[in-house]
Number of protein chains: 2
Amino acid sequence: MKLKDKKWLQEIRFNEEGLIPAIAQDHQSGRVLMLAWMNRNSLQTTIDTKKLTYWSRSRQKIWVKGEESGNEQNLVSMQLDCDGDVLLIKVKQKGNIACHTGRNSCFYRELGENGWETAEPVIKNPEEIYTNG
Amino acid sequence: MKLKDKKWLQEIRFNEEGLIPAIAQDHQSGRVLMLAWMNRNSLQTTIDTKKLTYWSRSRQKIWVKGEESGNEQNLVSMQLDCDGDVLLIKVKQKGNIACHTGRNSCFYRELGENGWETAEPVIKNPEEIYTNG
């Protein structure tokens, strides 16, 4: 996406830590895959490279989705909410696996009578995803 | 939903402010409607009443979605992500309007060459929604 100027970035309201939540949604199935956080830099990188790039709060570093697993997310389109403080990003999910547990979506647990119940199968074993073995 | 015990609530990782982001998704269209925040109390109220109930960070109070506009959200199902710190909630959106601007979704602005462009029509004028006139 060619953007004329940086005005689009100035309209975003990052929080006091300089972050904004980004919801990744599969552009075809409509499944919500995950929510992660972006800072100004990772957002700009996402636009420039068309690969979803987040800010890892636990590791305090830029994190290209799929850099370890190979399960990259390619940018399809980006929406901003009315308050300017949440992003919704439509993605092509490589391998159909967004979750580090090897499932399509990180939201694989559903609330039932007995609490959170796993409602979605593992597509690929995480041991196979994260090792070269 | 009848829940056997409170274990489901203990498995949720609220942030340091006692809040968790909740993504509301239309259960039929799959549209992501909004993201708002819940605390323990508003989440329990959501389960008990089946009406989506959030915590307003700006007003610092419990907020039943639609209490002013009439555009309530009814709970259909609830998912928790792998980290236990984000909720995805499928809802029936009354009036088909989740946004205070009178649109279906709060994510009505899409990034294009010229920046954020309004990509979704107003269904009902906010002046008609928020006054009794």
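I count two strands as paired if DSSP finds at least two bridges between them. Helices (H or I, at least four residues) and strands (E, at least two) are DSSP runs, numbered from the N terminus.

**Entry 1. Ground rules.** I am working with a predicted model: local features need pLDDT of at least 70, side-chain atom pairs count only at pLDDT 80 or more, and totals for chains, interfaces and linings use all residues. Residues are numbered from 1 along each chain as its sequence is written, and chains are lettered from A and ligands numbered from 1 in the order in which they are written.

Entry 2. I looked up β7 of chain A, residues 109–112. This strand pairs with β5(B) in the antiparallel sense, over 2 bridges. I then took R109(A) and found L80(B) as its bridge partner in β5(B).

**Entry 3. The interface.** I call two residues in contact if their C-beta atoms, placed from the backbone, lie within 7 Å. By that rule, 34 residues of chain B are in contact with 34 residues of chain A. I listed the elements of chain B that give two or more residues to this side: α1 (7–10), β1 (19–26), β2 (32–39), β5 (73–80), β7 (109–112) and β8 (115–118). β5(B) gives the most, with 4 residues.

I also sorted the side of chain B that touches chain A by residue type: 18 nonpolar, 8 polar and 8 charged. Here Ala, Val, Leu, Ile, Met, Phe, Trp, Tyr, Cys and Pro count as nonpolar, Asp, Glu, Lys and Arg as charged, and the others, Gly among them, as polar.

**Entry 4. Symmetry.** I asked what rotation superposes chain B on chain A. The angle is 180°, with 0.0 Å of shift along the axis and an RMSD of 0.0 Å. That is the relation of a two-fold axis.

Which residue of chain B comes closest to the rotation axis? I found G30(B), with its C-alpha at 2.9 Å. I also checked the surfaces: 100% of the interface residues of chain B are interface residues in chain A too, so the copies meet through the same surface.

**Entry 5. β1(B) and its partners.** My burial scale counts other C-beta atoms, placed from the backbone, within 10 Å of a residue's own: 20 or more is buried, 12 or fewer is exposed, and in between is partly exposed. In β1(B), 6 of the 8 residues are buried, so the strand is largely enclosed by the rest of the structure.

I traced 7 bridges from β1(B) to β2(B), and the two run antiparallel. A24(B) stands opposite M34(B) in β2(B). These strands form a hairpin with 5 residues between them. In the turn, G30(B) has a positive phi of about 80°. β1(B) also pairs with β6(B), residues 87–93, in the parallel sense over 5 bridges. There A22(B) has L87(B) as its bridge partner.

**Entry 6. The core.** A nonpolar core is a set of buried Ala, Val, Leu, Ile, Met, Phe, Trp, Tyr and Cys residues joined through C-beta atoms within 7 Å. The largest has 60 residues, and I23(A) and I23(B) touch the most other members. Leaving out residues up to four places away in sequence, I23(A) touches V32(A), L35(A), L87(A), L88(A), I89(A), I23(B), V32(B) and L35(B).

**Entry 7. Helix α2(A).** I looked for the buried residues of α2(A), residues 40–49, and got S42(A), L43(A) and T46(A). They cover an arc of only 105° around the axis, which puts them on the same side of α2(A). The arc is taken from the directions from the helix axis to the C-beta atoms. The face turned away from the buried side carries the exposed N41(A), D48(A) and T49(A). The cover over the buried residues includes β2, β3, β4 and β5 of chain A.

**Entry 8. After the helix.** K50(A) follows α2(A) and has a positive phi, near 60°. I found K51(A) in the loop between α2 and β3 of chain A. K51(A) is partly exposed, with 17 other C-beta atoms within 10 Å. K51(A) and K65(A) are 14 residues apart in sequence and 7.5 Å apart in space, C-alpha to C-alpha.

**Entry 9. Q60(A).** Phi of Q60(A) is near 50°, a positive value in a residue other than glycine. Most residues other than glycine have a negative phi. Q60(A) sits in the loop between β3 (53–56) and β4 (61–64) of chain A. With 7 C-beta neighbours inside 10 Å, Q60(A) counts as exposed.

Methods. Least-squares fit on C-alpha atoms with pLDDT ≥ 70 in both.
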